[in-house]
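Please read it alongside the sequence and the structure shown here.

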Amino acid sequence: MERVPVLKLGDLLIVSIQIDLQDQSVLMLQEDLADAIVESAARGVIIDITAVEIVDSFIGRMLSTIASISRMLDAETIVVGMRPAVAITLVELGLSLGGVRTALNLEKGVAMLKDRSGIGAAAVPE
């Protein structure tokens, strides 16, 4: 089972999902990311789902759960790169991802965190 890498950039953690997500890989990501937030004292998490073409209700709920876990560990989460088909599917499944902020791309996600609370300000040049 492939693991999704968690990359550190300053006080940000960046997760770029480049594989087809299976239930087990999402559960491993949840654990890996929680551990990485605590170990690195990250204040922001960006989950890039640009390569994700299809989601089901489990994966949609897990994105929301991951954001909630991050928030409880004092890290704000932004999901970036959502395709229109993924957004439509999530809405049709009744999953609004409440509490999960979104941005069109990685650059806008970093800017949102930086503008909101200075997260990632040291890591991202102007």
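## Helix α1 and the sheet it covers

In this predicted model, the buried residues of helix α1 are S25, V26, M28, L29, Q30, D32, L33, A34, A36 and I37. The elements that cover these buried residues include β1, β2, β3 and α2. Helix α1 has 18 residues and spans 26 Å from its first C-alpha to its last, close to the 26 Å expected at 1.5 Å a residue. As a general point, an α-helix has 3.6 residues a turn, so residues three or four places apart point the same way.

The strands form an open sheet of five, in the order β1-β2-β3-β4-β5, and the pairing is mixed. Strands β1 (6-9) and β5 (101-103) stand at the edges; each has a single partner strand, so one side of each is left without a neighbour in the sheet. From one strand to the next, the twist averages 25°. Helix α1 (residues 23-40) packs on this sheet and touches β1, β2 (12-16) and β3. The direction of α1 makes about 160° with that of β2.

## Strand β3 and its partners

How is β3 paired with β2 and with β4? The pairing of β2 with β3 is parallel and runs over five bridges. Strand β3 (residues 44-48) also pairs with strand β4 (residues 76-80) in the parallel sense, again over five bridges. One residue pair can be named for each of these pairings, as tabulated below.

| Strand pair | Sense and bridges | Residues facing each other |
|---|---|---|
| β2 and β3 | parallel, five bridges | V15 and I47 |
| β3 and β4 | parallel, five bridges | V45 and T77 |

Strand β3 is mostly covered, with five of its five residues buried. Burial extends to both faces of β3: G44, I46 and D48 lie on one side, V45 and I47 on the other, and all are buried. Each of these residues therefore has under 20% relative accessible area.

The chain connects these strands through helices. From β2 it crosses through α1 to β3, and this β-α-β crossover is right-handed. From β3 it crosses through helix α2 (residues 57-72) to β4, and this β-α-β crossover is right-handed as well.

Most residues other than glycine have a negative phi. Which residue with a positive phi follows α1? That residue is A41, with a phi near 55°. A41 belongs to the loop between α1 and β3. With a relative accessible area of 55%, A41 is exposed, because the cut-off for exposed is over 50%.

A positive phi, of about 70°, is also found at D74, which is not a glycine. D74 is placed in the loop between α2 and β4. Is D74 buried or exposed? At 61% relative accessibility, D74 counts as exposed.

## Summary

Helix α1 packs on the sheet, and strand β3 pairs in the parallel sense with β2 and with β4.

Note on methods
Residues are numbered from 1 along each chain as its sequence is written. This is a predicted model: local features need pLDDT of at least 70, side-chain atom pairs count only at pLDDT 80 or more; totals for chains, interfaces and linings use all residues. Side-chain values use heavy atoms; hydrogens and water are left out. Two strands pair if DSSP finds at least two bridges between them. Helices (H or I, at least four residues) and strands (E, at least two) are DSSP runs, numbered from the N terminus. Axes are lines fitted to C-alpha atoms, for helices over the stretch in contact, and angles run from 0 to 180 degrees between N-to-C directions. Contact means heavy atoms within 4.5 Å. Buried means under 20% relative accessible area, exposed over 50%, partly exposed in between (1.4 Å probe, protein chains only). A crossover is right-handed if, with the strands pointing away from the viewer, the path from the first strand over the helix to the second runs clockwise. The expected span of a helix is 1.5 Å times one less than its number of residues.
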